[in-house]
Amino acid sequence: AKRKGKTKPSMSTLQSIRYLASSSYIRNLAMIVIGYGMSINIIEVTWKARLKAQFTDPNAYSMFMGTFSSVTGLLTLATMLASRYIFDRF
């Protein structure tokens, strides 16, 4: 048995792009995502290039990255735990 329900209108790719571009909210959201992606790539490439210059020994580089990742993880956990109390208060 066929299900009767609403059928979605089929749009071409160009029509879909036009539809999405007509929404200022979607346009602004896309600009934020694109800007974030570009800035994080530029910063990450520069940062890693400087680290490679600083740590010429691969073991020292790996040790630094491991420590950095561990500290980042601990700070993230602490922030998540603290945010519960911060959001309750404010």
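Student: Which residues meet where α2 and α3 touch?

Tutor: In this predicted model, Trp47, Lys48, Leu51 and Lys52 of α2 meet Tyr61, Phe64, Met65 and Phe68 of α3. Sorted by class, that contact has 6 nonpolar and 2 charged residues, with no polar ones.

Student: How do the axes of the two helices lie?

Tutor: Helix α2 spans residues 24-54 and helix α3 residues 58-89; their axes come within 10 Å and cross at roughly 135°.

Student: Why is α2 called oblique to α3?

Tutor: Roughly antiparallel needs an angle over 145 degrees, and roughly perpendicular runs from 65 to 115. The crossing angle is roughly 135°, so α2 counts as oblique to α3. As for the hand, the crossing is right-handed.

Student: Good, now the rings. How many aromatic pairs does the structure hold?

Tutor: It holds 3 aromatic pairs.

Student: Why is the pair of Trp47 and Phe68 called tilted?

Tutor: Stacked planes are under 30 degrees apart and edge-to-face planes over 60. The planes of Trp47 and Phe68 stand at 45°, with ring centres 5.0 Å apart, so this pair is tilted.

Student: What does that pair tie together?

Tutor: Trp47 sits in helix α2 and Phe68 in helix α3, so the pair joins parts that are 21 residues apart in sequence.

Student: And what makes the pair of Phe55 and Phe64 stacked?

Tutor: Here the planes are at 25°, and the cut-off for stacking is under 30 degrees. The ring centres lie 5.0 Å apart.

Student: How do you know whether Phe55 is buried or partly exposed?

Tutor: Buried means under 20% relative accessible area, and exposed means over 50%. Phe55 has 24%, so Phe55 is partly exposed. Phe64 at 28% is partly exposed, as are Trp47 at 32% and Phe68 at 37%.

Student: Which residues do the ring pairs link into a cluster?

Tutor: Trp47, Phe55, Phe64 and Phe68 are linked into a cluster by ring pairs.

Note on methods. Residues numbered from 1 in each chain as written. Predicted model: local features only at pLDDT ≥ 70, side-chain atom pairs only at ≥ 80, totals over all residues. Heavy atoms only, no water. Axes fitted to C-alpha atoms, helices over the stretch in contact; angles between N-to-C directions. Helix = DSSP H or I, 4+ residues; strand = E, 2+ residues; numbered from the N terminus. Parallel < 35°, antiparallel > 145°, perpendicular 65-115°, else oblique. Left-handed = near helix turned anticlockwise from the far one by under 90°. Contact = heavy atoms within 4.5 Å. Nonpolar A, V, L, I, M, F, W, Y, C, P; charged D, E, K, R; others polar. Phe/Tyr/Trp six-rings, centres within 6.5 Å; stacked < 30°, edge-to-face > 60°. Buried < 20%, exposed > 50% of the residue type's maximum accessible area, 1.4 Å probe, protein only.
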